[in-house]
Amino acid sequence: DMMTKDQYIESLRKLHLNLYSFGEKVENPVDNAIIRPSLNSFAATYELAEDPQYEDLMTATSNLTGKKINRFTHLHQSTDDLIKKVKMQRLLGQKTAACFQRCVGMDASNAVYSTTYETDEACGTHYFDNFVKFWTDVQENDWAVDGAMTDVKGDRSLSPSKQADPDLFLHVVERTADGVYVTGAKAHQTGYINSHYVLVMPTISMREGDEDYAISFACPTDAEGITLILGRQSCDTRKTEEYNDIDVGNKVYGGHEVLVIFDHVFIPNEMIFLNGEVQFAGMMVERFAGYHRQSYGGCKVGVGDVLIGATALAGDMAGSAKASHVKDKLIEMTHLNETLYCCGIACSSQGTKTRSGNYLIDLLLANVCKQNVTRFPYEIARLAQDLAGGLMVTQPSEADYRNPATHDYIEKYLKGVASVPTEDRMRVLRLIENMTMGTAAVGYLPESMHGAGSPQAQRIMIARQSNLEMKKELAKKIARIK
Ligand code: SF4
Ligand code: FE
């Protein structure tokens, strides 16, 4: 059955993650001040699914069991499902103004589902059965699953098997009758600490000779041999200060990334979904990336909605809302944000059925979607900083605001429109700072650039899908060239 938000949070207390942060082992990630906002974001995917007004977007009917499940665990059965996925992500972005992390596992599951089906057809393997059994458990228990693709990659000019250190790409180091042992590391893992399982995929297309690296599997996030190191974010320690309400900008929600190290981790046969079939590694990578590039046309748009709203509020509070350039810049921000949404909806509505029966987005349009995401949030953030003004980065701290020696000066001199409390203005400016250069900028800017693949990865896919030969034929026909 679906978990409630509270059941989900309690279930994470049972994990024994081997996690390090700021030089220390973290014994209780659930109540850790730096990590907790990311848990709150993840938990919103459970909380909204409990709310009847969001039932249509947040839940779906499982094709595996016929039961009602959280849409984040759904294998998309139609283009309508693909569109609802994007709308759900925009909703979550609006509610959290952060990365809510659960999309990675959703995108990984849909890619692995269709790829294992086609691998089995071609190679006579049994990965699809393994995956369906695992994913049925995920749906039945409403588990949180992290999808792990990005390897650390070492020397970018060398293939996995040619690296000086063979562990720079995750690979099989030992084979037994019951399964395999893997060693390596996955970087930038979004939401791992808030997940029960990790679903691992290869990071790039593989060639002959790379068999040990063409490996996909799932295991518990706290499996023996896994070590986690938390990435730090700009301004993160503001969360641990005594006054940690105004200055953090977004007190409740956030995201996190971890470096995940696999040191001789055992994976039993039934949890393996690809094992040496090098020709199918590329399909898995391409499909996962495609789904996750679609995802950004939802989540980043929802976060953009909050940033546009904060910018408009800052204008209202400063009395500048009626200036024509302010209105025009808000229009531009909206235009850019909705353009991203158009691409997310477009690649969903043009989706097609895979041989396994689930639906894949249009890969060309999904890559165009993500390519725009590598640009437009920066322009939206630039306009937000333009309109917010310098106080966004020079206003005194909350501690000074709470200090009787300085409070009255801040109250008096940071006032904009007389009817607006100074504290409200400070809050909205800190939110803009948080999203464009603080902890949430990790998710809104560099993650828009590099998450789901850096810009060049989309350009390669756009080139591959652009069908130039067909376009040349069109031109030849019109120009009457024989
Ligand atoms: Fe979901 Fe966006 Fe976070 Fe990716 S970046 S996991 S799509 S919220
Ligand atoms: Fe991401």
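Me: Happy to look at this one together! In which loop is the place of D142?
Reply: First, a word on the model: it is predicted, local features need pLDDT of at least 70, side-chain atom pairs count only at pLDDT 80 or more, and totals for chains, interfaces and linings use all residues. Residues are numbered from 1 along each chain as its sequence is written, chains are lettered from A and ligands numbered from 1 in the order in which they are written, and side-chain values use heavy atoms, with hydrogens and water left out. Helices (H or I, at least four residues) and strands (E, at least two) are DSSP runs, numbered from the N terminus. D142 has its place in the loop between α6 (127-141) and β5 (145-148).

Me: Is D142 buried or exposed?
Reply: D142 is not a glycine, yet has a positive phi of about 55°. Buried means under 20% relative accessible area and exposed over 50%, with partly exposed in between (1.4 Å probe, protein chains only). Because its relative accessibility is 1%, D142 counts as buried.

Me: Which residues are the protein donors of the iron ion (ligand 2)?
Reply: Donors are N, O and S atoms within 2.8 Å of the metal (3.2 Å for Na, K and Ca); water is not among the atoms, so sites may look incomplete. Lying 2.2 to 2.3 Å from the iron ion, the protein donors are Y296 (OH) and E447 (OE).

Me: And which helix holds E447?
Reply: The pair links distant parts of the chain, 151 residues apart. Y296 is buried, and so is E447. Y296 lies in helix α7 (residues 281-318), while E447 belongs to helix α16 (residues 446-450).
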